[in-house]
Amino acid sequence: MLENIRIVLVGTSHPGNIGSAARAMKTMGLSQLVLVAPRVEPDGKSVALAAGATDVLQNLTTVDTLEQATADCALVIGTSARRRGLDWPLLDARQAGEKLAVEAQTGPVALVFGRENHGLSNEELQLCHFHVCIPANPEYSSLNLAQAVQLVCYEIRMKHLSLAETPQQESLEYPNGEQLEGFYRHLESSLTGTGFIKANHPGQVMAKLRRLFNRCRPEAQELNILRGILTSIDKTRQSTEKE
């Protein structure tokens, strides 16, 4: 199950943080590390701070975008140090660890960490089903990247150990990131076609709809139904336009 849990670091700017994150992961039994558009490549400092977790560094994957890193993931949780303008479903570290451990039983899941200086962008956070915030001391919330990775990975491991002692229950099948993005593109196209969304003035409609569906988390079959509804709307509109 732990092989299905992917730790994703976006725009990392310090090679030592990559090595320290690898060490934090390996101590909790995780090995799947993905770098998204890193500003630096792993180097000797990364190896030194990995402290024996060089296998995690050697097997890491580097991609250009967060969409590529999470395309096959049915659950994506992004770390956020602050509230954004548009509230998103928020978890604490324990809740995030539990969700990741449970859903990793059936397929790939991802825990995403942002840049050292300003975290994840709003667009990147919108690719996540949930946000996780570590409730550090508000008077001194200086938590470095590897410490944050260690905290949530610890919660993942604790839930993993608990699951190993209990019978597995049937898990629900959720769409992966690529399937969800296909739905969102279809939804925006259909709503633009009906005039509900103005092409030149989309506003925050799609951002709010993303939040709605990410909060509801439709199952794979439910998403297929929604896509079918959109296709039916498209066909009816196109037929009406031809008359």
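**Notes on a predicted fold: helix packing and a few residues**

1. To start with a helix pair: H5 and H7 lie oblique to each other, where angles under 35 degrees are called roughly parallel, over 145 roughly antiparallel, 65 to 115 roughly perpendicular, and the rest oblique. Helix H5 covers residues 93-103 and helix H7 residues 145-164; their axes cross at roughly 50° and come within 7 Å. Axes here are lines fitted to C-alpha atoms, for helices over the stretch in contact, with angles from 0 to 180 degrees between N-to-C directions.

2. A word on the basis of these notes. This is a predicted model, in which local features need pLDDT of at least 70 and side-chain atom pairs count only at pLDDT 80 or more, while totals for chains, interfaces and linings use all residues. Residues are numbered from 1 along each chain as its sequence is written, and side-chain values use heavy atoms, with hydrogens and water left out.

3. Back to the first pair. On the H5 side, the contact is made by Ala93, Arg94, Ala96, Gly97, Glu98, Leu100, Ala101 and Val102. H7 brings Val152, Glu155, Ile156, Lys159, His160 and Leu163. Contact means heavy atoms within 4.5 Å. Sorted by class, the contact of H5 with H7 has eight nonpolar, two polar and four charged residues (nonpolar: Ala, Val, Leu, Ile, Met, Phe, Trp, Tyr, Cys and Pro; charged: Asp, Glu, Lys and Arg; polar: the others, Gly among them).

4. Next, please look at H8 and H9. Helix H8 (residues 177-194) packs with helix H9 (residues 205-216) at an angle of about 135°, and their axes are 11 Å apart. That angle makes H8 oblique to H9. The crossing of H8 with H9 is right-handed. From H8, the contact takes in Leu180, Glu181, Phe183, Tyr184, Leu187, Glu188 and Leu191; H9 supplies Met206, Leu209, Arg210, Phe213 and Asn214. By class, the contact of H8 with H9 has eight nonpolar, one polar and three charged residues.

5. The cut-offs are under 20% relative accessible area for buried, over 50% for exposed, and in between for partly exposed (1.4 Å probe, protein chains only). Not counting residues up to four places away in sequence, glutamate 181 touches Leu127 and Arg210. Arg210 is also one of the H9 residues in the helix contact.

6. Now the chain as a whole. The protein chain has 10 helices and seven strands (DSSP runs numbered from the N terminus: helices are H or I with at least four residues, strands E with at least two). A compact globule of 243 residues would have a radius of gyration near 18 Å, and the 20 Å of the protein chain agrees with that. The radius is taken over C-alpha atoms, and the globule rule is 2.2 Å times the number of residues to the power 0.38. Along the principal axes, the C-alpha atoms fill a box of roughly 70 × 45 × 35 Å. Of the 243 residues, 44% count as buried. Among contacts between residues at least 6 apart in sequence, 85% join residues at least 24 apart.

7. Methionine 25 belongs to helix H1 and is buried, with a relative accessible area of 0%. Leaving aside neighbours within four places in sequence, methionine 25 is in contact with Ile7, Leu30, Ser31, Gln32, Leu33, Val56, Val149 and Cys153. Valine 56 is 31 residues away along the chain, and its C-alpha atom is separated from that of methionine 25 by 8.4 Å.

8. Threonine 12 is in the loop between strand E1 (5-10) and helix H1 (15-27). This threonine counts as buried, at 1% relative accessibility. Beyond neighbours within four places in sequence, threonine 12 is in contact with Asn17, Ile18, Pro38, Arg39, Val40, Glu116 and Leu145.

9. Finally, two backbone angles to check. Alanine 37 has phi near 40°, a positive value in a residue other than glycine. Alanine 37 is in the loop between strand E2 (32-36) and helix H2 (44-50) and is partly exposed, with a relative accessible area of 41%. Arginine 217, also not a glycine, has a positive phi of about 50°. Arginine 217 is in the loop between H9 and helix H10 (220-242) and counts as buried, at 9% relative accessibility.

Conventions: A crossing is left-handed if the near helix is turned anticlockwise from the far one by less than a right angle, and right-handed if clockwise.
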